[in-house]
Amino acid sequence: MPELPEVETVVKSLAATCQGLTATEIKFYRKDIREPIPIPQFRKALLKQAVVSVERRSKYIIMNTKTGSAIFHLGMSGQLLALKSKKPQFKHTHLVMTFTGEAQNIYLHFVDPRRFGRISAHLGEAWEQHPFFGQLGCEPLEQRSLGTYLWNYGKKSNRPIKSLLMDSKVVVGIGNIYACESLFLAGVHPERSAASLSPKDYQAIAAAAKKTLRLAIKAGGTSIKDFKSMEGKSGYFAISLNVYGRSDESCNICGNSIGHIKQSGRSTWFCGLCQK
Ligand SMILES: [Zn+2]
(Lines give C-alpha, C1' and ligand atoms only; values in the text may rest on other atoms or scores of the structure.)
Protein backbone atom coordinates (compact mmCIF):
# COMPACT_ATOMS: atom_id res chain seq x y z
CA MET A 1 0.00 0.00 0.00
CA PRO A 2 1.44 3.41 -0.92
CA GLU A 3 2.35 5.31 2.25
CA LEU A 4 3.11 9.00 2.72
CA PRO A 5 6.74 8.75 1.46
CA GLU A 6 5.67 6.94 -1.72
CA VAL A 7 2.93 9.51 -2.34
CA GLU A 8 5.37 12.36 -1.72
CA THR A 9 7.70 10.83 -4.29
CA VAL A 10 4.87 10.48 -6.81
CA VAL A 11 3.95 14.14 -6.23
CA LYS A 12 7.53 15.31 -6.85
CA SER A 13 7.77 13.13 -9.92
CA LEU A 14 4.41 14.43 -11.23
CA ALA A 15 5.46 18.02 -10.64
CA ALA A 16 8.69 17.43 -12.58
CA THR A 17 6.80 15.66 -15.39
CA CYS A 18 3.53 17.58 -15.80
CA GLN A 19 3.98 21.09 -14.41
CA GLY A 20 3.53 23.59 -17.24
CA LEU A 21 1.99 21.00 -19.56
CA THR A 22 -1.63 21.07 -20.69
CA ALA A 23 -4.04 18.16 -20.62
CA THR A 24 -5.46 17.93 -24.13
CA GLU A 25 -7.39 14.69 -23.79
CA ILE A 26 -8.91 12.86 -20.84
CA LYS A 27 -10.30 9.40 -21.30
CA PHE A 28 -12.10 7.51 -18.55
CA TYR A 29 -12.53 3.75 -18.77
CA ARG A 30 -14.84 3.60 -15.74
CA LYS A 31 -17.40 5.94 -14.18
CA ASP A 32 -16.45 4.88 -10.68
CA ILE A 33 -13.66 3.29 -8.69
CA ARG A 34 -14.24 3.38 -4.94
CA GLU A 35 -17.08 5.86 -5.56
CA PRO A 36 -18.55 7.62 -8.60
CA ILE A 37 -16.06 9.91 -10.33
CA PRO A 38 -17.31 13.50 -10.89
CA ILE A 39 -16.26 13.33 -14.54
CA PRO A 40 -17.64 16.72 -15.75
CA GLN A 41 -15.96 18.58 -12.86
CA PHE A 42 -12.74 16.65 -13.40
CA ARG A 43 -12.66 17.63 -17.08
CA LYS A 44 -13.50 21.24 -16.26
CA ALA A 45 -10.69 21.43 -13.70
CA LEU A 46 -8.01 19.86 -15.86
CA LEU A 47 -8.81 19.84 -19.57
CA LYS A 48 -7.10 22.48 -21.75
CA GLN A 49 -5.52 24.02 -18.66
CA ALA A 50 -1.84 24.27 -17.85
CA VAL A 51 -0.82 22.41 -14.71
CA VAL A 52 0.32 25.11 -12.29
CA SER A 53 1.45 22.93 -9.38
CA VAL A 54 1.19 19.47 -7.84
CA GLU A 55 0.76 19.11 -4.08
CA ARG A 56 0.22 16.46 -1.43
CA ARG A 57 -2.15 16.52 1.53
CA SER A 58 -2.09 13.34 3.59
CA LYS A 59 -2.00 10.65 0.91
CA TYR A 60 -3.96 12.70 -1.63
CA ILE A 61 -2.32 13.99 -4.80
CA ILE A 62 -3.63 17.39 -5.91
CA MET A 63 -2.95 18.70 -9.40
CA ASN A 64 -3.79 22.38 -9.72
CA THR A 65 -4.74 24.49 -12.72
CA LYS A 66 -6.12 28.04 -12.80
CA THR A 67 -9.63 26.63 -12.91
CA GLY A 68 -9.48 24.01 -10.18
CA SER A 69 -7.82 20.85 -8.99
CA ALA A 70 -7.77 17.20 -9.97
CA ILE A 71 -7.53 15.01 -6.86
CA PHE A 72 -6.20 11.44 -6.68
CA HIS A 73 -5.78 8.86 -3.93
CA LEU A 74 -3.92 5.65 -4.70
CA GLY A 75 -5.81 3.54 -2.16
CA MET A 76 -4.35 0.07 -1.68
CA SER A 77 -2.99 -0.65 -5.13
CA GLY A 78 -3.30 2.50 -7.24
CA GLN A 79 -0.55 3.86 -9.46
CA LEU A 80 -0.11 6.97 -11.57
CA LEU A 81 2.20 6.06 -14.41
CA ALA A 82 3.70 8.37 -17.02
CA LEU A 83 3.87 6.20 -20.14
CA LYS A 84 4.74 6.82 -23.76
CA SER A 85 1.57 5.27 -25.10
CA LYS A 86 -2.01 6.51 -24.94
CA LYS A 87 -3.34 2.97 -25.11
CA PRO A 88 -3.83 1.28 -21.72
CA GLN A 89 -0.81 -0.91 -21.05
CA PHE A 90 -2.09 -2.65 -17.95
CA LYS A 91 -5.29 -4.30 -16.91
CA HIS A 92 -7.36 -2.08 -14.57
CA THR A 93 -6.38 1.18 -16.27
CA HIS A 94 -9.27 3.49 -15.35
CA LEU A 95 -8.12 6.82 -16.73
CA VAL A 96 -5.62 8.09 -19.29
CA MET A 97 -4.71 11.78 -19.45
CA THR A 98 -2.78 13.14 -22.41
CA PHE A 99 -0.44 16.01 -21.56
CA THR A 100 0.91 17.87 -24.54
CA GLY A 101 4.45 19.11 -24.30
CA GLU A 102 6.78 20.83 -26.72
CA ALA A 103 9.07 17.84 -27.15
CA GLN A 104 6.68 14.95 -26.63
CA ASN A 105 3.35 13.99 -25.18
CA ILE A 106 3.08 12.37 -21.79
CA TYR A 107 0.31 9.92 -21.08
CA LEU A 108 -0.58 9.66 -17.45
CA HIS A 109 -2.32 6.38 -16.64
CA PHE A 110 -4.27 5.77 -13.44
CA VAL A 111 -4.14 2.03 -12.78
CA ASP A 112 -5.83 0.46 -9.75
CA PRO A 113 -6.59 -3.29 -9.65
CA ARG A 114 -8.31 -3.31 -6.26
CA ARG A 115 -10.20 -0.05 -6.82
CA PHE A 116 -9.79 1.43 -3.36
CA GLY A 117 -8.33 4.54 -4.98
CA ARG A 118 -10.17 7.81 -5.53
CA ILE A 119 -10.42 10.29 -8.38
CA SER A 120 -12.17 13.58 -7.76
CA ALA A 121 -12.01 17.27 -8.54
CA HIS A 122 -12.55 20.68 -7.01
CA LEU A 123 -13.47 23.77 -8.96
CA GLY A 124 -12.01 27.04 -7.73
CA GLU A 125 -8.87 27.74 -5.79
CA ALA A 126 -9.43 26.29 -2.33
CA TRP A 127 -9.16 22.53 -2.77
CA GLU A 128 -8.93 22.30 1.04
CA GLN A 129 -12.71 22.76 1.02
CA HIS A 130 -13.24 19.44 -0.75
CA PRO A 131 -14.98 16.97 1.61
CA PHE A 132 -11.93 14.63 1.46
CA PHE A 133 -9.94 17.09 3.54
CA GLY A 134 -12.47 18.14 6.19
CA GLN A 135 -11.44 15.71 8.92
CA LEU A 136 -7.70 15.43 8.41
CA GLY A 137 -5.20 16.09 11.17
CA CYS A 138 -1.90 17.91 10.80
CA GLU A 139 0.91 17.12 8.34
CA PRO A 140 3.68 15.58 10.45
CA LEU A 141 6.52 17.12 8.43
CA GLU A 142 4.96 20.58 8.31
CA GLN A 143 3.72 20.88 11.88
CA ARG A 144 6.37 22.93 13.68
CA SER A 145 5.83 21.85 17.27
CA LEU A 146 4.64 18.34 16.46
CA GLY A 147 5.57 17.09 19.94
CA THR A 148 3.49 19.73 21.70
CA TYR A 149 0.68 19.25 19.21
CA LEU A 150 0.58 15.49 19.89
CA TRP A 151 0.84 16.01 23.64
CA ASN A 152 -2.22 18.28 23.55
CA TYR A 153 -4.21 15.41 22.02
CA GLY A 154 -2.59 12.70 24.10
CA LYS A 155 -2.61 14.15 27.60
CA LYS A 156 -6.36 13.62 28.01
CA SER A 157 -6.56 10.28 26.22
CA ASN A 158 -6.37 6.75 27.57
CA ARG A 159 -5.88 5.16 24.17
CA PRO A 160 -2.55 3.49 23.41
CA ILE A 161 0.00 5.89 21.99
CA LYS A 162 0.29 3.83 18.82
CA SER A 163 -3.40 4.23 18.01
CA LEU A 164 -3.16 7.99 18.62
CA LEU A 165 -0.22 8.21 16.19
CA MET A 166 -2.11 6.27 13.53
CA ASP A 167 -5.29 8.37 13.84
CA SER A 168 -5.50 10.50 10.68
CA LYS A 169 -7.86 12.90 12.46
CA VAL A 170 -4.92 13.75 14.75
CA VAL A 171 -1.94 13.46 12.40
CA VAL A 172 -1.90 12.12 8.83
CA GLY A 173 0.51 9.79 7.09
CA ILE A 174 1.92 7.80 10.01
CA GLY A 175 1.05 4.31 8.81
CA ASN A 176 1.69 1.13 10.76
CA ILE A 177 5.30 0.78 9.70
CA TYR A 178 6.17 4.38 10.61
CA ALA A 179 4.29 4.18 13.94
CA CYS A 180 6.19 1.00 14.95
CA GLU A 181 9.57 2.37 13.88
CA SER A 182 9.03 5.83 15.43
CA LEU A 183 8.03 4.38 18.81
CA PHE A 184 11.11 2.16 18.77
CA LEU A 185 13.39 5.13 18.02
CA ALA A 186 11.69 7.14 20.77
CA GLY A 187 12.02 4.25 23.25
CA VAL A 188 8.28 4.30 23.99
CA HIS A 189 6.26 1.10 24.41
CA PRO A 190 3.36 1.01 21.90
CA GLU A 191 0.82 -0.03 24.56
CA ARG A 192 1.49 2.93 26.87
CA SER A 193 -1.62 5.04 27.33
CA ALA A 194 -1.27 8.42 25.62
CA ALA A 195 -2.01 10.25 28.89
CA SER A 196 0.79 8.47 30.76
CA LEU A 197 3.53 9.96 28.57
CA SER A 198 5.45 13.12 29.38
CA PRO A 199 5.89 16.13 27.08
CA LYS A 200 9.49 14.92 26.70
CA ASP A 201 8.24 11.54 25.44
CA TYR A 202 6.10 13.37 22.88
CA GLN A 203 9.08 15.42 21.74
CA ALA A 204 11.03 12.18 21.23
CA ILE A 205 8.14 10.55 19.35
CA ALA A 206 7.68 13.61 17.12
CA ALA A 207 11.39 13.79 16.29
CA ALA A 208 11.47 10.04 15.56
CA ALA A 209 8.38 10.22 13.30
CA LYS A 210 9.82 13.12 11.30
CA LYS A 211 13.18 11.37 10.99
CA THR A 212 11.63 8.09 9.84
CA LEU A 213 9.40 9.75 7.26
CA ARG A 214 12.21 11.96 5.95
CA LEU A 215 14.53 8.96 5.56
CA ALA A 216 11.89 7.07 3.61
CA ILE A 217 11.24 10.07 1.35
CA LYS A 218 14.97 10.46 0.80
CA ALA A 219 15.19 6.78 -0.06
CA GLY A 220 13.04 7.71 -3.00
CA GLY A 221 9.86 5.72 -2.58
CA THR A 222 8.82 5.10 -6.12
CA SER A 223 8.85 6.87 -9.44
CA ILE A 224 5.94 7.29 -11.79
CA LYS A 225 8.28 7.10 -14.76
CA ASP A 226 9.46 3.60 -14.26
CA PHE A 227 6.85 0.95 -13.79
CA LYS A 228 9.37 -1.62 -12.61
CA SER A 229 10.61 0.45 -9.72
CA MET A 230 7.03 1.42 -8.94
CA GLU A 231 6.17 -2.25 -8.80
CA GLY A 232 8.86 -3.57 -6.54
CA LYS A 233 10.49 -0.82 -4.57
CA SER A 234 8.93 1.21 -1.80
CA GLY A 235 10.51 3.84 0.41
CA TYR A 236 10.12 1.66 3.46
CA PHE A 237 12.05 -1.19 1.91
CA ALA A 238 14.95 1.17 1.51
CA ILE A 239 15.04 2.31 5.13
CA SER A 240 16.52 -0.07 7.63
CA LEU A 241 13.77 -1.43 9.80
CA ASN A 242 14.45 -1.89 13.51
CA VAL A 243 11.26 -3.69 14.53
CA TYR A 244 8.61 -3.76 11.81
CA GLY A 245 8.02 -7.30 10.53
CA ARG A 246 10.93 -8.68 12.58
CA SER A 247 9.10 -11.21 14.80
CA ASP A 248 11.56 -13.21 16.93
CA GLU A 249 14.61 -11.58 15.36
CA SER A 250 16.97 -9.84 17.74
CA CYS A 251 16.90 -6.13 18.58
CA ASN A 252 19.66 -4.13 16.85
CA ILE A 253 20.34 -2.26 20.10
CA CYS A 254 20.07 -4.79 22.93
CA GLY A 255 19.83 -8.22 21.30
CA ASN A 256 16.50 -9.00 22.96
CA SER A 257 13.95 -10.85 20.83
CA ILE A 258 11.52 -8.50 18.99
CA GLY A 259 7.96 -8.83 20.28
CA HIS A 260 4.80 -9.02 18.20
CA ILE A 261 1.28 -8.14 19.39
CA LYS A 262 -2.02 -7.11 17.83
CA GLN A 263 -3.47 -3.70 18.60
CA SER A 264 -6.91 -2.85 17.20
CA GLY A 265 -6.43 -5.63 14.69
CA ARG A 266 -3.09 -4.29 13.45
CA SER A 267 0.28 -5.92 14.02
CA THR A 268 2.71 -4.12 16.28
CA TRP A 269 6.39 -4.98 16.63
CA PHE A 270 8.53 -3.62 19.46
CA CYS A 271 11.47 -4.33 21.75
CA GLY A 272 10.29 -4.97 25.31
CA LEU A 273 13.64 -3.87 26.75
CA CYS A 274 14.34 -0.75 24.70
CA GLN A 275 10.76 0.54 24.76
CA LYS A 276 9.33 1.47 28.18
ZN1 LIG B 1 16.11 -3.66 22.33
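Let's start with helix H6. Tyr202, Ile205, Ala206, Ala208, Ala209, Lys210, Thr212, Leu213, Ala216 and Ile217 are buried in H6. Keep in mind that this is a predicted model.

How far apart are the end C-alpha atoms of helix H6? They are 28 Å apart. The helix covers residues 199-218, which is 20 residues.

Now the whole chain. The domain assignment gives domain 1 (4-133) and domain 2 (146-270). Taken over C-alpha atoms, the centres of domain 1 and domain 2 are separated by 29 Å.

Next, the aromatic rings. The count comes to 9 aromatic pairs. Take Phe28 and Phe42. Their ring centres are 5.3 Å apart, and their planes sit at 75 degrees. Over 60 degrees counts as edge-to-face, so that is what this pair is. Phe28 lies in strand S1 and Phe42 in helix H2, so the pair ties together parts 14 residues apart in sequence. Phe28 is buried, at 13% relative accessible area. Phe42 is buried too, at 0%.

Another pair is Tyr149 with Tyr153. This one is tilted: 5.3 Å centre to centre, 50 degrees between the planes. Both tyrosines are in helix H3, 4 residues apart, which means about one helical turn separates them. Tyr149 is buried at 17%, while Tyr153 is partly exposed at 38%.

Back to the phenylalanines. Phe28, Phe42, Phe72 and Phe110 form one aromatic cluster.

Last, the surface. Which residues make a nonpolar patch of about 260 Å²? Met1, Met76 and Phe116 do. Met76 sits in the loop between strands S4 and S5. Met76 is partly exposed, at 33%.

Terms used: Residues are numbered from 1 along each chain as its sequence is written. This is a predicted model: local features need pLDDT of at least 70, side-chain atom pairs count only at pLDDT 80 or more; totals for chains, interfaces and linings use all residues. Side-chain values use heavy atoms; hydrogens and water are left out. Patches are made of residues with over 30% relative accessible area and no salt bridge: like charges are joined within 9 Å, nonpolar side chains (Val, Leu, Ile, Met, Phe, Trp, Tyr) within 5 Å. Accessible areas come from the Shrake-Rupley method with a 1.4 Å probe; for residues, only the protein chains shown count as cover. A salt bridge is a side-chain nitrogen of Lys or Arg within 4 Å of a carboxyl oxygen of Asp or Glu. Helices (H or I, at least four residues) and strands (E, at least two) are DSSP runs, numbered from the N terminus. Buried means under 20% relative accessible area, exposed over 50%, partly exposed in between (1.4 Å probe, protein chains only). The expected span of a helix is 1.5 Å times one less than its number of residues. Domain bounds come from an automatic or database domain assignment. Rings of Phe, Tyr and Trp (its six-membered ring) pair if their centres lie within 6.5 Å; planes under 30 degrees apart count as stacked, over 60 as edge-to-face and the rest as tilted.
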